[in-house]
Amino acid sequence: MDDRALVARQLGRAPRAFHGVAARCPFGAPAVTEEEPYDERGEPFPTTYYLTCPHLVAAVSRLEAAGGVERFGRLAASEPELRESLEDATALQRRLRAERAAGRTGADGGASLAFGIGGARRPENLKCLHAHAAFALARPGYLLGERVLSELEPLWPGRCCSLA
């Protein structure tokens, strides 16, 4: 099965702005995809890295449901190292989107190219831990996202949840 088909199976739908696989699970299946800044209709897709591994998606959803977005937002505001990591990753996110857009501006006239991780207009207001976890898997060294991942127990299941 090719990557696009496997990602579609993981998501339960066709991927919307799929560019390729950015990170794989230990079993070789896609865990994070890299997305185009605009889909085929020119609509913005503001998330550069998208978490597709069903195990990780569920684990991050549990973390969010337990107040993780607010808690990590407070940590990013209060811990200089995490704040700097978020600022650096946001700058990288913007550069990557602009490079990938290659002059295209889509239906939004290019406005979404300035968004932060997960499409945040104000990166200091976290809104989606899935996007931060995906960014950390695709771009190791992103401390805030790595802190999110460190709370997932287990990070990876005992067997692949996508290839089974």
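Buried means under 20% relative accessible area, exposed means over 50%, and partly exposed lies in between (1.4 Å probe, protein chains only). This is a predicted model, where local features need pLDDT of at least 70, side-chain atom pairs count only at pLDDT 80 or more, and totals for chains, interfaces and linings use all residues. Residues are numbered from 1 along each chain as its sequence is written, and side-chain values use heavy atoms, with hydrogens and water left out.

**View 1. Helix 5 is enclosed by the rest of the structure.** Helices (H or I, at least four residues) and strands (E, at least two) are DSSP runs, numbered from the N terminus. Contact means heavy atoms within 4.5 Å. Beyond neighbours within four places in sequence, H130 is in contact with L51, V57, V60, S61 and E64.

**View 2. The largest nonpolar core has 37 residues.** A nonpolar core is a set of buried Ala, Val, Leu, Ile, Met, Phe, Trp, Tyr and Cys residues joined through side-chain atoms within 4.5 Å. The residues with the most contacts inside this core are V32, L51, F72, L129, Y142 and L144. Elements that each supply at least two of its residues include strand 2 (30-35), strand 3 (49-51), helix 2 (54-65) and helix 6 (143-150). Helix 5 gives the most, with eight residues. Setting aside neighbours within four places in sequence, V32 has contacts that include V21, Y49, L51, A134 and L137.

View 3. Two strands pair if DSSP finds at least two bridges between them. Strands of a sheet pair through backbone hydrogen bonds, either parallel or antiparallel.

**View 4. Strand 1 and strand 2 form a hairpin.** Five bridges join strand 1 (residues 18-24) to strand 2. A23 stands opposite V32, and R24 has P30 as its bridge partner. Five residues lie between the two strands, and G28 takes a positive phi near 95°.

**View 5. P30 is a buried residue of strand 2.** P30 counts as buried because its relative accessibility is 1%. Not counting residues up to four places away in sequence, P30 touches D3, L6, V7, Q10, V21, A23, R24, T52 and C53. P30 and L144 are 114 residues apart in sequence and 22 Å apart in space, C-alpha to C-alpha.

**View 6. Helix 3 packs against helix 4.** Their axes are 5 Å apart, at an angle of about 100°. Helix 3 is therefore roughly perpendicular to helix 4. Angles of 65 to 115 degrees count as roughly perpendicular, under 35 as roughly parallel, over 145 as roughly antiparallel and the rest as oblique. Axes are lines fitted to C-alpha atoms, for helices over the stretch in contact, and angles run from 0 to 180 degrees between N-to-C directions. L75, A76, A77 and S78 in helix 3 meet P80, L82, R83 and L86 in helix 4. By class, this contact has six nonpolar, one polar and one charged residues. Ala, Val, Leu, Ile, Met, Phe, Trp, Tyr, Cys and Pro count as nonpolar, Asp, Glu, Lys and Arg as charged, and the others, Gly among them, as polar.
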